[in-house]
Amino acid sequence: MGAQLLRQAEHLADAMVVRVQTAVPAYRTETAVSTEELRRTCLDNIHFVFGPIGRTPALSSPESRENGRLRARAGIPLAAVMEAYRVAARFLWNCLAETAAHSAVPAEVTVRAASEMWMVLDTYTQQMAEGYREELTVQALNREQERSAVVRALLEGRLTETGSSDTATLLGLPPYGPYVVIAAQVPEIGRHAVPDAEPMLRAIGMASSWHLLHDVEVGIAHLPDRALCLDTHQIDRLTELLGSSTHKHAGISPPYDDLGNSATALRLARIALLSAFDGRRVTVFDRDPLAVAAASAPEITQRVARTVLGTLDRIPAVQRALLLETFGAWLDNGGSADQAAATLFCHPNTIRHRLRRIEAHTGRSLTDPRETAELILAFEIDRRLTAAPTS
């Protein structure tokens, strides 16, 4: 019966093409799959299915696997390809049943032939699906490699024409800013600093593209509303989200408009990252200039801090920490001893006494604006030294 059907293969292939193109819209135009290519595939299908009837069926089908790859490459949805295979299978079954009836083939022979046909069709379809998935995997890997290379070139300042829409499209970003760069400290080499960063930012309306380096995970995020960007609302949301999701600390660059400036923005984000500490896990570069200044040149700023803080290093560590905590509370409360006392649950006179001790140890007066500024800078440097991010 298989040989009888194979003698009609050319005619059956023409009829199968009509059935598939009628039933599956993706095959009706020549754009993705030409009629000639579809006919060739149908002919392969007929030979693969009817050829083994009465003999040992094939356990694999390189032709069908390759067909799956070609359909994936052409961009035809897998659901459409599967539907085409179902239409073809029904057509072949009808052909087998009509031939068996016309030739008065015994029922047991027809049942055995049908069983063999459906087993071969199952192999054919499975091989197609595997080829389709293999091609999708290759495409995904190629896209990710290309995307990773573009992000790296951007962050290293080596990409020309960086403001082009093609680059933004490849990264999944709008072609125009504002953007910010995020530098988030990784917990260890090879691990993400911000798990599921892209979907997390997408949930708050921010498109982003991420790249994992050995020490930081770098993200380029798009701020969708320029007006909100100017009033800092979006930066606030981003800071809050990163603070609750990153494993360690993160720095955010100032907003910028041209993707070509991403390398500069990364340098600023790294400086902001250096100024972060456990008490403030995320730092925005242009939000806290004193903190950024404290972290931007460690070898210099540490010397400045030691000089300004004077003999504070000579007193017991617990007392030193208490005095600096008091100074921090006083700063956070706008220089009010009463409010600082409420924060630290002590008497305002205790606050004043501790501040006088700081003046005595440092030789600087808190009534002198310049000397107070020096103390504030030294304080910012010192608290980052005592709570520095670990690599």
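This dialogue considers a few local features of a predicted model.

Student: Which peptide bond is cis, and what is its omega?

Tutor: The bond that runs from glycine 177 to proline 178 is cis, and its omega is near 10°.

Student: Where is proline 178 found?

Tutor: Proline 178 belongs to the loop between α7 (165-171) and β1 (179-185).

Student: How is burial read, and is aspartate 196 buried or exposed?

Tutor: A residue is called buried under 20% relative accessible area and exposed over 50%. Aspartate 196 counts as exposed because its relative accessibility is 60%. This residue sits in the loop between β1 and α8 (197-202).

Student: What is the phi of phenylalanine 345, and where is the residue placed?

Tutor: Phenylalanine 345 has a phi near 55°, again positive in a residue other than glycine. The loop between α15 (337-344) and α16 (348-362) holds phenylalanine 345. With 76% relative accessibility, phenylalanine 345 counts as exposed.

Student: Is arginine 65 buried or exposed?

Tutor: Arginine 65 counts as buried, because its relative accessibility is 19% and the cut-off for buried is under 20%. Arginine 65 is part of helix α4 (residues 62-73).

Student: Which side chain is joined to that of arginine 65 by a polar contact?

Tutor: The side chain of glutamate 130 is joined to that of arginine 65 by a polar contact of 2.6 Å. If neighbours within four places in sequence are left aside, arginine 65 is in contact with Gln127, Met128, Glu130, Gly131 and Glu134.

Terms used: Residues numbered from 1 in each chain as written. Predicted model: local features only at pLDDT ≥ 70, side-chain atom pairs only at ≥ 80, totals over all residues. Heavy atoms only, no water. Helix = DSSP H or I, 4+ residues; strand = E, 2+ residues; numbered from the N terminus. Buried < 20%, exposed > 50% of the residue type's maximum accessible area, 1.4 Å probe, protein only. Polar contact = N/O pair within 3.5 Å; in protein donor to acceptor, adjacent residues only side chain to side chain. Contact = heavy atoms within 4.5 Å.
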